[in-house]
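Let's take a look at how the inside of this protein is put together. Have the sequence and the model open side by side as you read.

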Amino acid sequence: MKIIKVKDQIEGGREGFKVFKDALADGANVFGLATGSTPISVYDELTNSDVDFSEKTSINLDEYKGLSGDHPQSYRYFMNEHLFNKKPFKMSYVPDGMADAATETARYEKIIADNPVYLQLLGLGQNGHIGFNEPGTPFEMGTHEVALTESTIQANARFFASEAEVPHFAYSMGIASIMKAKEILIIAYGAAKADAVAAMIEGPVTESVPASALQQHANVIVIVDEAAASKL
Ligand code: GLP
């Protein structure tokens, strides 16, 4: 794993932007994208740049089950707001939270198979989750329906009017789907992520820490600020 330490999210956004530029220069056609607060500064850099995604494809990691794309807390809505409205791709896939699980997970795995991801961007959950792969998720799983843990529901409640409104289920690319990407960029900021960062990089490879699977990927870049790196 290549670790890049940055001062803050602004600098992290600039470093993340460079990774995207390099991938584009190398001919990347498909980008795996993530939601959450962490990637926003990368998306800001991308939208303020001259990069052109109009012939490219994006595939998002996950979506809340039961939220339609026009719900302000859906991940489709988030992506439209932070990236797609300003920097459109030729095709942007996000799981359909309104579809039934069997149909949607099969459809999504086919999309990933047909569009191999070159660069996968990831945030990191406080409990070490990536996408919505919670601790205990078998590494072999592809896109699947997930029951969110209490810690994730609480962490994400800040975006909703109340915790009661946070969906309890989601569709997420699995660890196996994520590991197919040629290159992975994972970003974490803040002291609340320090344990997860240390476990991801220095801990044993274990399904209790989904992000530790990345130790088995040949091409991973980690961007962390000082607080997130404080337990390394
Ligand atoms: C959610 C998302 C993850 C994201 C994580 C961390 O659970 N499904 O993809 O990485 O939150 O979010 P944040 O970047 O806001 O800390």
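A residue is called buried when its relative accessible area is under 20%, exposed when it is over 50%, and partly exposed in between, using a 1.4 Å probe and protein chains only. The model is predicted, with local features needing pLDDT of at least 70 and side-chain atom pairs counted only at pLDDT 80 or more, while totals for chains, interfaces and linings use all residues. Residues are numbered from 1 along each chain as its sequence is written, and side-chain values use heavy atoms, leaving out hydrogens and water.

Helices (H or I, at least four residues) and strands (E, at least two) are DSSP runs numbered from the N terminus. Let's begin with helix 3, where Tyr-75, Phe-78, Met-79, Leu-83 and Phe-84 are buried. These residues sit on the same side of helix 3, because they cover an arc of only 145 degrees around the axis, taken from the directions from the helix axis to the C-beta atoms. Their cover includes helix 2, helix 5 (150-156) and strand 2 (30-33); contact here means heavy atoms within 4.5 Å.

How do helix 2 and helix 3 pack, and at what angle? Helix 2 (residues 40-47) and helix 3 (residues 75-84) meet at about 45 degrees, with axes 9 Å apart. Helix 2 is therefore oblique to helix 3: under 35 degrees would be roughly parallel, over 145 roughly antiparallel, 65 to 115 roughly perpendicular, and the rest is oblique. The axes are lines fitted to C-alpha atoms over the stretch in contact, and angles run from 0 to 180 degrees between N-to-C directions.

Next come the nonpolar cores, which are sets of buried Ala, Val, Leu, Ile, Met, Phe, Trp, Tyr and Cys residues joined through side-chain atoms within 4.5 Å.

| Core | Size | Some members |
|---|---|---|
| Largest | 32 residues | Ile-59, Leu-122, Leu-124 |
| Another | 29 residues | Phe-31, Tyr-43, Val-51 |

Finally, look at Ala-213, in the loop between helix 7 and strand 10. Ala-213 is buried, with a relative accessible area of 1%. Leaving aside neighbours within four places in sequence, Ala-213 contacts Phe-139, Ile-175, Met-179 and Val-205.
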